[in-house]
Amino acid sequence: MASRLKRLTTERSATIILFLLVFAMAARISVDADLWWHLRSGQYIAETGQLIYPDPFSHTFSDIVHWNHSAISDVLLYAIWRHSGFAGITVAAAIAATVGMSFLFATCRGSAYPRAFLIVLGAATAAVFWSPRPQMLSFVLASVLLWILRDLKYKGRDRLLWIAPLQLIWCNAHGGFIIGYLLVGVFVLGEVLNSKFGTSDSCLPLHAIRKLLLVSVASMPLLILNPLGIQVYSVPFSTISMPELSRYIQEWQSPDFSQSRAWGFVLLLALVLATMCWSKRKLDCTEWFLVCGSAAMGLLAARNLALFAIAAAPVASDHLDDILQDRGWVIPFRDREPVVRALVNLCLIISVSIGLAAHLCHLLSAETIGAGLRSALPVDAVEQLDSLELHGNMFNSYNWGGYLMFHAPEHPVFIDGRSDLYRSFLDEYYWIATARDGWQQALDRWRVGFAVIESNSGLAEALTSHPDWQTAYQDPLASIFLRRTPLTDG
């Protein structure tokens, strides 16, 4: 027992505490509106057995097939929800974030202490992205793939045959599987240039580059083993080609650097560039492509900040370790500790674990979950729908469409977070939601009889003063408006 206790060194204890804290950071009440349409989709698939189906959730796009690239993930999310509710969803997202960061920690090099610092900084950057959605699987799988590639480059460990099954899982889980091929492409191009110009201290041999390219190309035909079939190849390009995304959807817009959640990106970018310039390591094309490419993607769309964290933290660890080694500022690794110090380490771990348990007990209580959801979602308004006499179709806030799909499925939505389904229809929605000229005619055209919208929206102000509409329910967040005279057929 004492011999085992002595192995609980300060470095190992710091690593354990690091991931307890990462889990605590990732465990939070998510008010991500898209979670709910994923749950509704997973519920529908589980109940009907149909993976591809004409849309049954909206009245505006009914009977149009939505090519859902995350159907398998939706079923998984719904299964978690069904067995453990919102608490289970919260814990599952925190586990996914922690697993992704653990692979990132394994990918970084050097002493555990600077690696832990970089993981904290990387988590602060990526946390903007963390929510219980299929994209969390993209985060985990991107971390695993980068670990495979860097282990090959720096340690010579060949796990390239993992790439094909990894990409097959990825393409069935989320449309972000294109990220995997981008990472491979960067490695192939960077290592070819490193080999040609001798610009790296650790360069892949040509036979390894050829195998990496061959395995990746060979994995592409496997992607057809997917509910979408051949359609899966067009999913990433169909999504990123939508101009409406950057026009209306916040996560597809550039980060707002006036908000603190973007500061992790700024600090990590500054650190990785500073260490790359300061260290004596040779210029590595692969590293520069990873950092500059992912930084550019992060600057274009906030949802890519997590990809930057995955790409930049290991590169920063390489150069930071080189700087510390050059100056002799490295704490030697100890495989054993005196019993007293090991006991102190154990007490610290237990204390942090108790704190984490208390945090989870508070976080996952019904009161905390309810308060968190009510802060951003029309929980109380939706509960009032059954008590109202409703006629006609519904108009709803874009951000609340998914919640209404799941919690009021008897009322088909006007729009929801499936932007790849609605595409240019987003323009019409925002025209109505901001009460621009012609909004009344648009509501008439869509036979809208009631609206569930934000109380402070432009449309809410217009409906409040319009003689044909009345306020049926209102709280500081949400309002329900009814037509005074229901629309007649025809």
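Which helix is Ser73 found in? Ser73 sits in helix H4, which covers residues 71-107. One thing to keep in mind while you look around: this is a predicted model.

**Along helix H4**

Is Ser73 buried or exposed? Ser73 has a relative accessible area of 5%, and the cut-off for buried is under 20%, so Ser73 counts as buried. Skip the neighbours within four places in sequence, and Ser73 is in contact with Pro134, Leu137, Asn172 and Ala173.

Ala92 is also placed in helix H4. With a relative accessible area of 26%, Ala92 is partly exposed.

**Salt bridges**

Side chains of opposite charge can pair when their charged atoms come close. How many salt bridges does a search of the whole structure find? It turns up 28. Here are a few to click on:

| Salt bridge | N to O distance |
|---|---|
| Asp335 and Arg7 | 3.4 Å |
| Arg133 and Asp32 | 2.9 Å |
| Asp335 and Arg336 | 2.7 Å |

Take the Asp335 and Arg7 bridge. This pair links distant parts of the chain, 328 residues apart: Asp335 is in the loop between helix H14 (305-327) and helix H15 (339-363), while Arg7 is in the loop between helix H1 (2-6) and helix H2 (10-26). Asp335 is partly exposed at 31% relative accessibility, and Arg7 is partly exposed too, at 37%. Asp335 also meets Arg336 in a salt bridge, and Arg336 is partly exposed with a relative accessible area of 38%.

Now for Arg133 and Asp32, whose side chains meet in a salt bridge. Arg133 lies in the loop between helix H5 (112-126) and helix H6 (135-155) and Asp32 in the loop between H2 and H3, so this pair ties together parts 101 residues apart in sequence. Arg133 is buried at 9% relative accessibility, and Asp32 is buried at 18%. These two residues also belong to a network of salt bridges made up of Asp32, Asp34, Arg133, Glu251 and Arg303.

**Aromatic rings**

There are 27 aromatic pairs in the structure. One of them is Trp36 with Phe406, a tilted pair with 6.0 Å from centre to centre and 40° between the planes. That pair connects distant parts of the chain, with Trp36 in helix H3 (residues 34-48) and Phe406 in helix H18 (residues 401-407), 370 residues apart. Trp36 is buried, with a relative accessible area of 0%, and Phe406 counts as buried at 11%.

Which residues form one aromatic cluster? Phe61, Tyr248, Phe395, Tyr398, Phe414, Tyr422, Phe425, Tyr429, Tyr430 and Trp446 do.

The charged end of Arg109 sits over the ring of Tyr154, 4.1 Å from its centre. Likewise, the charged end of Arg115 sits over the ring of Phe105, 4.0 Å from the ring centre.

One of its members, Leu225, is in the loop between helix H9 (206-219) and helix H10 (235-240). Leu225 counts as exposed because its relative accessibility is 53%, and the cut-off for exposed is over 50%.

Technical notes. Residues are numbered from 1 along each chain as its sequence is written. This is a predicted model: local features need pLDDT of at least 70, side-chain atom pairs count only at pLDDT 80 or more; totals for chains, interfaces and linings use all residues. Side-chain values use heavy atoms; hydrogens and water are left out. Helices (H or I, at least four residues) and strands (E, at least two) are DSSP runs, numbered from the N terminus. Buried means under 20% relative accessible area, exposed over 50%, partly exposed in between (1.4 Å probe, protein chains only). Contact means heavy atoms within 4.5 Å. Rings of Phe, Tyr and Trp (its six-membered ring) pair if their centres lie within 6.5 Å; planes under 30 degrees apart count as stacked, over 60 as edge-to-face and the rest as tilted. A charge sits over a ring if NZ of Lys or CZ of Arg is within 6 Å of the ring centre and within 35 degrees of the ring normal. A salt bridge is a side-chain nitrogen of Lys or Arg within 4 Å of a carboxyl oxygen of Asp or Glu.
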